[in-house]
Amino acid sequence: MILPVIMAGGSGSRLWPLSRALYPKQFLKLNGSGTMLQNTVTRLEGLDCADPMLICNEEHRFIAAEQLRQLGELNHNIILEPAGRNTAPAIALAAFTAVSQGQDPVMLVLAADHIMQQPEAFRESVVKALPFAEQGKLVTFGIVPTGPETGYGYIERGAGQGESGFDVARFVEKPDADTAQQYIDSGKFYWNSGMFLFKASRYLEELKAHRPDIYNACEQAMTDVNADLDFVRVNKEAFLSCPEDSIDYAVMEKTQDAVVVPMDAGWSDVGSWSSLWEVSEKDTDGNVHQGDVMSHNANNNYVFAETGLVATVGIDDVVVVQTKDAVLVVKKDQVQDVKKVVEALKKEKRSEFQLHREVYRPWGKYDSIDNGARYQVKRITVKPGEKLSIQMHHHRAEHWIVVSGTANVTIDDETAMVTENESVYIPIGSVHSLENPGKIPLELIEVQSGAYLGEDDIVRFEDRYGRA
């Protein structure tokens, strides 16, 4: 049985303003009916797989858990990284977890933010790679290139290994245009997909041989593991001591047992808005429209409208992305520079770098619909059966107006049911909580007023999600 290991870290800054630091691209619906993470899980259907093991950042844990829950795939199977240390340590955590359970599965290592336009071809390549992994080889999947792409690393194949694979002659960095064309003309090179297949024990053996510092730090991190809801927490201090390195540098470029299996499945890592345009369905004018969009005399554009109408007239080869709090307009041949805007936003400490206007929480979500000096208005949605933390604010009072559903509200020592068209006032300094005891989502409007309205003015006394 295959153990899928899905790496869901990363920020995806080149897909701003849809992708934000606290809601990156792997959790977005960019292609198909599911999010990129969910599509990664569902394309495994048809393979003999165990429940997937997900590796993600601490700050993304509730988003990841909710998306797995929607698929019925949430089963205490999310490993939390205290901090990003690149792919070699992340995969080591998964391998140590697997062998600690007395098993030695074949691990299928995938990124959560890739697109496969032909999932059946993806599965066929995995099946072809299985015999190599079972023999102790470390398999990487090489994407059959469609052109001289300079944004990907390449893998050169060596001698053939049966009908399905080749020895890895070498890994090469992202080339310039002329070198990339030479690679394509030779017919011996593949794009480096960042997907792998190997036994858990073999990966650990190779990691120990070539990067014992990473091996030892991850082994130590796994000696003190705590279960928290659906999450596995490793020893933070030990993991923070782990060096950063990718699996390519730490293991694959050093092992004598690397095999490359070709894959031709309509793969894309969706590294930019232009690459998303390339893999999306287009109209007769070459346009990709998402949301409420109208175009006149416009060609080969990607236009995304999150809220409201976006109209384009007389423009070609442009990306337009409109969200509730930001608008991006960029030429398709300059989309790689979107990350420079993100860097500037981060430097200026603007919220648009980190958050959307609509923010997801383990209990539901809130949308900051208006604000000014000394006031802020939010629309809050609480899922059935969920509860916000018992908390207090030093600098703000709050009014809650229930729009639909039923709220169970506690203020200091008094608890009351608040229903549709009713409201309640929470004074500054009052200890309070909000719960949805009903069967439908609770929708309410929150009006905050006070001298300071930041999210860090929350003193939590009790929290069922471990945030207190």
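I started with β6 and found both faces covered: L138, T140 and G142 on one side, V139, F141 and I143 on the other, all buried. Buried means under 20% relative accessible area, exposed over 50%, partly exposed in between (1.4 Å probe, protein chains only). Strands (E, at least two residues) and helices (H or I, at least four) are DSSP runs numbered from the N terminus.

I noted that the model is predicted: local features need pLDDT of at least 70, side-chain atom pairs count only at pLDDT 80 or more, and totals for chains, interfaces and linings use all residues. Residues are numbered from 1 along each chain as its sequence is written, and side-chain values use heavy atoms, with hydrogens and water left out.

Why is β6 largely enclosed by the rest of the structure? Six of its six residues (138-143) are buried, so I had my reason.

Next I checked its partners; two strands pair if DSSP finds at least two bridges between them. β12 (residues 258-263) runs parallel to β6, joined by six bridges. There, T140 has V260 as its bridge partner. With β9 (residues 189-199), β6 pairs in the antiparallel sense over four bridges. I143 stands opposite W191 in β9.

Then I turned to charges over rings: NZ of Lys or CZ of Arg must be within 6 Å of the ring centre and within 35 degrees of the ring normal. I found the charged end of K282 over the ring of W277, 4.7 Å from its centre. For K378, the charged end sits over the ring of Y366, 3.9 Å from its centre.
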